[in-house]
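Biologist: Could you take me through the features of this model one at a time, giving the general idea before the particular case?

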Amino acid sequence: MKDKAARRRPGGVPAEHTPGTHVPVLLDRILALLTPALEDRDAVCVDATLGLGGHTEALLTTFPRLTVVGLDRDPEALRRSGARLAGFGDRFRPVHAVYDEFTDVLDRLGYDSVDGVLFDLGVSSLQLDEASRGFAYAQDAPLDMRMDPTRGRTAEDIVNDYSAKELSRILRVYGEEKFASRVAAAIVRERDRERLTSSSRLAELVRESIPAAARRTGGHPAKRTFQALRIEVNEELSVLERAIPASLEALAVGGRIAVLAYHSLEDRIVKRELTQRSRSTSPLDLPVELPEGAAELRLLTRGAEPPTEAEIASNPRSASAKLRAAERIRESAARRTAATRADGRRTHMPTRSPGGRFREGEEQ
């Protein structure tokens, strides 16, 4: 019994996970941030990036009255997480969806609002570790990079069909590649000889395009190109720009959101949404704040929190993570407007009931 207890995290979460699964990034910190919104009540949380289910397993174990809706666009991730979390029964509700379908999923499941939201952005361990998916430049594979391999264009389509100008743009914007034009030109020269289909050949082309002096630092020179292609294939930034506002609109008063981003482009989108909604919009020269101008969110992190040295040592893939979190402290403008139109009076706005749902006709 002693050894078993010693291997468990606070809240009864196993410290060691199923072999072959990833270690959830910043797990203890995320649990601490979400606890006030989820503990001791029939709460609902959306894990918008389910992956292999590590975070969701911890949430369901820590909060025995919690239901988690797990979204993922990757059918294989849903299959594996479904098997892993089967013991939680109907407290776990997996859904094959991209996270910008947030509102539609909640509507289908019958939830008007939720108490918690978690995003763990970027490519998952499952996708990185399976060479055949084409995400990793260290192993040869077909140039696919689709998070949902059942639909959409592939990285092979992009490198062979985009113009040099278009390739240069996505490498520069999404990969922050200083030598984007050189890399794009090399890709076009290669595909003029034969179709580019191999991830190792692409990585070699990128390496040859980067000046020797620039290759000495910053890791493998192909990582920025592979990041840019992955983002373009999966439309990650445009999806995120829709998903964060949708998730915030669904968050009940007292509910909390936590977002893990892994590069500045993702983090910039998250920061903008959370910061904007945490500020008052009332004119500064007014003696009192206007109700409609009050902040909707309270930020729970000071800027973007990085992982600790201990976290990075135990989980190297967490090194680039940036965590932001916020709590809803006031109804969103959209909900206030909807309640006013439906009711005609501000005194009959919806309030949160157990499980994060709203009941009409109650005083707030």
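The dialogue below turns to cores, strands, backbone angles and salt bridges.

Biologist: What should I keep in mind about the model and its numbering before reading any feature?

Modeller: This is a predicted model, in which local features need pLDDT of at least 70 and side-chain atom pairs count only at pLDDT 80 or more, while totals for chains, interfaces and linings use all residues. Residues are numbered from 1 along each chain as its sequence is written, and side-chain values use heavy atoms, with hydrogens and water left out.

Biologist: How many residues does the largest nonpolar core have, and which of them have the most contacts inside it?

Modeller: In soluble globular proteins, nonpolar side chains tend to be buried together. A nonpolar core is here a set of buried Ala, Val, Leu, Ile, Met, Phe, Trp, Tyr and Cys residues joined through side-chain atoms within 4.5 Å, where buried means under 20% relative accessible area, exposed over 50% and partly exposed in between, with a 1.4 Å probe and protein chains only. The largest such core has 64 residues, and Tyr 99, Phe 119 and Ile 257 are those with the most contacts inside it. Helix H13 (residues 236-250) gives the most to this core, namely eight residues; helices (H or I, at least four residues) and strands (E, at least two) are DSSP runs, numbered from the N terminus. Apart from this core lies another, of 29 residues, among them Ala 37, Leu 50, Leu 66 and Phe 92.

Biologist: Which residues does Tyr 99 touch?

Modeller: Contact means heavy atoms within 4.5 Å. Leaving aside residues up to four places away in sequence, Tyr 99 touches Ala 48, Thr 49, Leu 71, Phe 119, Leu 121, Glu 236, Val 239, Leu 240 and Ala 243.

Biologist: Is Val 69 buried or exposed, and which residues does Val 69 touch?

Modeller: Val 69 lies in strand S2 (residues 67-72) and is buried, with a relative accessible area of 0%. Residues up to four places away in sequence not being counted, Val 69 touches Val 44, Cys 45, Val 46, Asp 47, Arg 93, Val 95, Val 105, Leu 109 and Tyr 111. The C-alpha atoms of Val 69 and Asp 47 are separated by 6.1 Å, although the two residues are 22 residues apart along the chain.

Biologist: How many bridges join strand S5 to S7, and why is S7 largely enclosed?

Modeller: Two strands pair if DSSP finds at least two bridges between them. Strand S5 (residues 251-261) and S7 run antiparallel and are joined by six bridges, with Arg 256 standing opposite Glu 327 in S7. Strand S6 (residues 297-299) also pairs with S7 in the antiparallel sense, over three bridges, and the bridge partner of Leu 297 in S7 is Arg 328. Six of the seven residues of strand S7 (residues 322-328) are buried, so this strand is largely enclosed by the rest of the structure.

Biologist: Where is Leu 26 placed, and what is its phi?

Modeller: Leu 26 is in the loop between helix H1 (2-6) and helix H2 (27-38), and its phi is positive, about 50°, although Leu 26 is not a glycine. Leu 26 counts as buried, at 7% relative accessibility. Asp 40, in the loop between H2 and strand S1 (44-47), likewise has a positive phi, near 60°, in a residue other than glycine, but Asp 40 counts as exposed at 68% relative accessibility.

Biologist: How many salt bridges does the count come to, and which parts does the pair of Asp 115 and Arg 41 tie together?

Modeller: A salt bridge is a side-chain nitrogen of Lys or Arg within 4 Å of a carboxyl oxygen of Asp or Glu, and by this rule the count comes to 24. Asp 115 forms a salt bridge with Arg 41, the closest N and O atoms being 2.8 Å apart. Asp 115 lies in strand S4 (residues 114-120) and Arg 41 in the loop between H2 and S1, so the pair ties together parts that are 74 residues apart in sequence. Both Asp 115 and Arg 41 are buried.

Biologist: Which residues are linked in a network of salt bridges?

Modeller: Glu 249, Glu 273, Arg 277, Glu 296 and Arg 328 are linked in such a network.
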